[in-house]
Amino acid sequence: GYELIPEQKEPVRHGESMFPLKRYITILSDLAPVVTPHWHEEAELTLITEGHCTYHVHLDTFEAEAGDLLFIPPAELHSCKTDPSVTGIRLVSSTFVFHTDYLGAEFTDICSVKYIRPILNHSIVLPYIIKKGHPVYQQILDIFYEMETVYEKKEPGYEIKLKALLFYTVALLFP
């Protein structure tokens with residue numbers, strides 16, 4: 001394990017207490033080329049929609065490009081940066097940030113004990129990046145697009161649909 005620095009905790013609440021999920025669009029360019037190192041209690045699922053960047057998650061560094069999916073577990077220090085020497089938009093991404101309580105982390109059912117809590121306490125580490133060619137890439141990409149549609153339309157029952165889609169994503173990442 002390692003110590004998270006309290007000053008690097010992002011001072012933002014993502015969503016509301018009853019619905020702790022929020023979608024963000026991030027744009028990095030030569031004007032703002034960096035998402036500085038930070039962590040939060042929530043997990044995040046990201047799709048890079050345009051450009052490329054270098055991601056740092058915990059002690060790993062990797063290149064991410066358009067089409068790549070990222071899963072950042074809760075309380076994991078992470079950052080990303082583009083090359084500021086190149087002008088124009090270099091990175092656009094869409095991210096769902098969600099608290100694991102939304103997936104029932106505080107409950108004592110089999111899903112929580114066997115899967116959600118081990119992700120939360122880092123005893124199980126899922127892949128940080130899912131690129132084309134990964135066995136579940138296409139399924140998770142389809143789920144991500146469905147999540148975006150459900151999130152934008154906000155039709156009756158959308159909160160439970162989003163929860164189900166997140167559960168399915170986590171289940172796909174496990175094997």
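Is F96 buried or exposed? At 0% relative accessibility, F96 counts as buried; the term buried stands for under 20% relative accessible area, exposed for over 50%, and partly exposed for what lies in between, with a 1.4 Å probe and protein chains only. The model is predicted, so local features need pLDDT of at least 70 and side-chain atom pairs count only at pLDDT 80 or more, while totals for chains, interfaces and linings use all residues. Residues are numbered from 1 along each chain as its sequence is written, and side-chain values use heavy atoms, with hydrogens and water left out.

The aromatic rings come next. A pair of aromatic rings is described by the distance of the centres and the angle of the planes. Rings of Phe, Tyr and Trp (its six-membered ring) pair if their centres lie within 6.5 Å; planes under 30 degrees apart are stacked, those over 60 are edge-to-face, and the rest are tilted. By this rule there are six aromatic pairs. One of them joins F19 and Y102, edge-to-face, at 5.6 Å centre to centre and with 80° between the planes. F19 lies in the segment before β1 and Y102 in the loop between β7 (89-98) and α1 (110-120), so this pair ties together parts that are 83 residues apart in sequence. Helices (H or I, at least four residues) and strands (E, at least two) are DSSP runs, numbered from the N terminus. Both F19 and Y102 are buried.

F96 and Y151 form an edge-to-face pair, with 5.6 Å centre to centre and 80° between the planes. Because F96 lies in strand β7 and Y151 in helix α2 (residues 137-153), the pair ties together parts that are 55 residues apart in sequence. Y151 has a relative accessible area of 13% and is buried. Ring pairs also link F19, Y102 and Y158 into a cluster.

Helix α3 covers residues 158-173, 16 residues in total, and reaches 23 Å from its first C-alpha to its last, close to the 22 Å expected at 1.5 Å a residue. The expected span is 1.5 Å times one less than the number of residues in the helix. Which residues of α3 are buried? They are Y158, L162, L165, L166, T169, V170, L172 and L173. Seen down the axis of α3, these buried residues fall within an arc of 160°, so they line one face of the helix. The arc is that of the directions from the helix axis to the C-beta atoms. An α-helix has 3.6 residues a turn, so residues three or four places apart point the same way.

Charged side chains make further links. Side chains of opposite charge can pair when their charged atoms come close. A salt bridge is a side-chain nitrogen of Lys or Arg within 4 Å of a carboxyl oxygen of Asp or Glu, and the count comes to three salt bridges. In one of them, the side chains of R23 and E148 meet at 2.9 Å, N to O. This pair links distant parts of the chain, with R23 in strand β1 and E148 in helix α2, 125 residues apart. R23 is partly exposed at 21% relative accessibility, whereas E148 is buried, with a relative accessible area of 12%.

R23 also forms a salt bridge with E152, and the closest N and O atoms are 2.7 Å apart. Here R23 in strand β1 is linked to E152 in helix α2, 129 residues apart. E152 is exposed, with a relative accessible area of 53%.

The side chains of K131 and D68 meet in a salt bridge at 2.6 Å, N to O. K131 lies in the loop between β8 (129-130) and α2, and D68 in the loop between β4 (60-65) and β5 (69-72), so the pair ties together parts that are 63 residues apart in sequence. K131 counts as partly exposed at 32% relative accessibility, and D68 is buried, with a relative accessible area of 2%.

Two loop residues remain. H58, in the loop between β3 (43-57) and β4, has a phi near 55°, a positive value in a residue other than glycine. K154, in the loop between α2 and α3, has a positive phi of about 50° although it is not a glycine.
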